[in-house]
Amino acid sequence: VQLQASGGGALQAGGSLRLSCVASGVTISTYTMGWFRQAPGKEREFVAAIRWEGGNQYNTYYTDSVRGRSTISRDNAKNTVYLQMNSLKPGDTAVYYCVARAGRPITSTMRQAETYNYWGQGTQVTVSS
């Protein structure tokens with residue numbers, strides 16, 4: 001499984017961007033997909049995930065700092081997951097990593113990095129004030 005993230009860039013606070021992650025080597029329809037980020041000097045942090053619930057059902061999860069201004073979504077036909085981020089803040093500056101794992105992880109593990117088997121290479125997001 002390979003994950004290719006894109007869409008990062010440099011922008012000013014208040015702006016928006018959409019990150020994309022294309023998966024290859026797997027059909028993601030039964031995968032839980034997500035995003036983590038890591039800022040310089042900080043630990044890796046869960047951002048959002050969209051969990052497969054069975055059939056064609058999915059649920060979304062967000063860290064508190066992005067909830068309400070970010071949306072994670074997926075297009076299974078394109079094997080792609082997206083992270084739309086609005087009202088960006090300097091605190092959103094980080095390298096963003098796309099992640100994936102098969103199936104439905106239990107809720108208590110959704111925000112743990114070790115839950116995800118596959119990681120993309122990361123895309124840099126820099127927000128200036």
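A residue is called buried when its relative accessible area is under 20%, exposed when that value is over 50%, and partly exposed in between, with a 1.4 Å probe and protein chains only. By this rule Phe36 is buried, because its relative accessibility is 1%. The structure is a predicted model, in which local features need pLDDT of at least 70 and side-chain atom pairs count only at pLDDT 80 or more, while totals for chains, interfaces and linings use all residues. Residues are numbered from 1 along each chain as its sequence is written, and side-chain values use heavy atoms, with hydrogens and water left out.

**Strands and the open sheet**

- Strands are DSSP runs of E with at least two residues, numbered from the N terminus, and two of them pair if DSSP finds at least two bridges between them.
- Strands of a sheet pair through backbone hydrogen bonds, either parallel or antiparallel.
- In this model an open sheet is formed by four strands in the order β1-β3-β8-β7, and their pairing is antiparallel.
- The edges of this sheet are β1 (2–6) and β7, each with a single partner strand, so one side of each is left without a neighbour in the sheet.
- On average, neighbouring strands of the sheet are turned by 15° against each other, direction ignored; the axes behind such angles are lines fitted to C-alpha atoms, and angles run from 0 to 180 degrees between N-to-C directions.
- Six bridges connect strand β3 (residues 17–24) with β8 in the antiparallel sense, and Leu17 has Met85 in β8 as its bridge partner.

**The hairpin of β5 and β6**

- Strand β5 (residues 45–54) and strand β6 (residues 57–62) run antiparallel and are joined by six bridges, with Ile50 standing opposite Thr60 in β6.
- The two strands form a hairpin with two residues between them, and Gly55 in the turn has a positive phi of about 60°.

**Aromatic rings**

- Rings of Phe, Tyr and Trp (its six-membered ring) pair if their centres lie within 6.5 Å, and planes under 30 degrees apart count as stacked, over 60 as edge-to-face and the rest as tilted.
- A search of the whole structure finds four aromatic pairs; in one of them, the rings of Phe36 and Phe46 have centres 5.6 Å apart and planes at 80°, so this pair is edge-to-face.
- Because Phe36 lies in strand β4 (residues 31–38) and Phe46 in strand β5, the pair ties together parts that are ten residues apart in sequence.
- Phe46 also counts as buried, at 6% relative accessibility.
- The rings of Phe36 and Trp119 have their centres 5.1 Å apart and their planes at 45°, so this pair is tilted.
- Since Phe36 lies in β4 and Trp119 in strand β10 (residues 118–119), the pair ties together parts that are 83 residues apart in sequence.
- Trp119 counts as partly exposed, at 28% relative accessibility, and the charged end of Arg44 sits over its ring, 4.5 Å from the centre; this description requires NZ of Lys or CZ of Arg within 6 Å of the ring centre and within 35 degrees of the ring normal.
- Ring pairs link Phe36, Phe46, Tyr97, Tyr116 and Trp119 into a cluster.

**Positive phi in two loops**

- Asn79, in the loop between β7 (70–75) and β8 (80–85), has a positive phi of about 55° although it is not a glycine, and Asn79 is buried with a relative accessible area of 14%.
- Ser87, in the loop between β8 and β9 (94–102), is not a glycine either but has a positive phi of about 45°, and Ser87 is partly exposed with a relative accessible area of 42%.
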